[in-house]
Amino acid sequence: MTTPARDPWAHLRQHTSARIALGRTGVSLPTRELLDFALAHAQARDAIHLPLDTDGLCAELQQQGWPAPLLLHSQARDRHEYLLRPDFGRRLDAASVERLGAVASEAPDLVLVLGDGLSALGIQQHGAALLGAIRRALDPALRLGPLVVVSQARVAVADEVGERLGAAAVAMVVGERPGLSSPDSVGIYLTHAPRVGCSDAQRNCISNVRPAGQDLDTAARRLAWLLGESRRLGLSGVGLKDHSGLPLTGLPAGSPTSRLD
């Protein structure tokens, strides 16, 4: 009796949720893998369309000691328009502009903005905990502006928030486009001297923030390091490289799963 050949990819499955070493039945995928794929696809679609429970999020934030967040909305009136018109998600609606104009505060060093983005699920599950980690990691001498939550938000909407508040920098915590194994992923985008019209090249991105990816505490420490360097150099984006030495996960640097290679 011939022993089946061992799949050289099989042992790698313990290190990643990527779809490798799935096996086959004839020329097709095994039924289990096909059903797992359909479930992951459904979870990704649900994450995109799930509305953000701003009341629940605000209550959780206030339980952590944050003041009541400033609730704003982009020019995208609903999820359908948000998905069809990304440009509408990058600017605030008129009511939000008026609300920001009524805020009286000294020009802050940093404004923290939460946005549903393409995964309200990620913000709902991890947003408050991530903000808590960020607060612990930041220099306590920093002047923080009002905490802002934006619905139907794209990354660039934070530029307008930061500009109208006169902030030296803005950090946008936003739900990322779901992958087929990561419907709850969150990204952090740091922009120095935010203003309407900033390009993506002027931002630093900390991606795949979630318990199964880059853990919350490590991401918060990375943001604090980048912000410190941004303030020292007076810039962000392609001119600011991450030399923090922090791992991609909470594991010690050099651990097999803390590296990309």
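**Overview of the predicted model**

Helix α6 (residues 157–164) is largely enclosed by the rest of the structure, because six of its eight residues are buried. The structure is a predicted model.

**Helix α6 and the residue after it**

- The buried residues of α6 are V157, A158, D159, E160, V161 and G162.
- G166 follows α6 and has a positive phi, near 70°.

**The sheet**

**Strand β3 and its partners**

- In strand β3 (residues 148–151), V148 and V150 point one way, V149 and S151 point the other way, and all are buried.
- With β1, strand β3 pairs in the parallel sense over four bridges. In this pairing, H73 stands opposite S151 of β3.
- With strand β2 (residues 111–115), β3 also pairs in the parallel sense, over three bridges. G115 has V150 in β3 as its bridge partner.

**Strands β5 and β6**

- Strand β5 (residues 186–192) and β6 run antiparallel and are joined by five bridges. Y189 stands opposite C205 in β6.
- A193 is found in the loop between β5 and β6. Although A193 is not a glycine, its phi is positive, at about 50°. With 32% relative accessibility, A193 counts as partly exposed.
- N208 lies in strand β6. N208 is likewise a residue other than glycine with a positive phi, near 55°. Its relative accessibility of 29% means that N208 counts as partly exposed.

**Helix α5 against helix α7**

- Two packed helices are described by the angle between their axes and the distance between the axes.
- The crossing of α5 and α7 is right-handed.
- On the α5 side, the contact involves H126, A129, L130, A133, I134, R136 and A137, which meet L216, D217, A220, R221, L223 and A224 in α7. The residues of this contact of α5 with α7 divide into nine nonpolar, one polar and three charged.

**Helix α2 against helix α5**

- The axes of helix α2 (residues 54–63) and α5 come within 10 Å and cross at roughly 20°. The helices α2 and α5 are therefore roughly parallel to each other, since an angle under 35 degrees counts as roughly parallel.
- The crossing of α2 and α5 is right-handed.
- L57, E60 and L61 of α2 make the contact with I123, Q124, A128 and L131 of α5. Five nonpolar residues, one polar and one charged make up the contact of α2 with α5.

- Which loop holds P178? P178 is found in the loop between β4 (169–175) and β5.
- Is P178 buried or exposed? At 14% relative accessibility, P178 counts as buried, because buried means under 20% relative accessible area.
- Leaving aside neighbours within four places in sequence, the contacts of P178 are A44, A47, I48, L118, S119 and P183.
- P178 and L216 are 38 residues apart along the chain, and their C-alpha atoms are separated by 18 Å. L216 is one of the α7 residues in the contact with α5.

Notes:
Residues are numbered from 1 along each chain as its sequence is written. This is a predicted model: local features need pLDDT of at least 70, side-chain atom pairs count only at pLDDT 80 or more; totals for chains, interfaces and linings use all residues. Side-chain values use heavy atoms; hydrogens and water are left out. A crossing is left-handed if the near helix is turned anticlockwise from the far one by less than a right angle, and right-handed if clockwise. Helices (H or I, at least four residues) and strands (E, at least two) are DSSP runs, numbered from the N terminus. Contact means heavy atoms within 4.5 Å. Ala, Val, Leu, Ile, Met, Phe, Trp, Tyr, Cys and Pro count as nonpolar, Asp, Glu, Lys and Arg as charged, and the others, Gly among them, as polar. Two strands pair if DSSP finds at least two bridges between them. Axes are lines fitted to C-alpha atoms, for helices over the stretch in contact, and angles run from 0 to 180 degrees between N-to-C directions. Angles under 35 degrees count as roughly parallel, over 145 as roughly antiparallel, 65 to 115 as roughly perpendicular and the rest as oblique. Buried means under 20% relative accessible area, exposed over 50%, partly exposed in between (1.4 Å probe, protein chains only).
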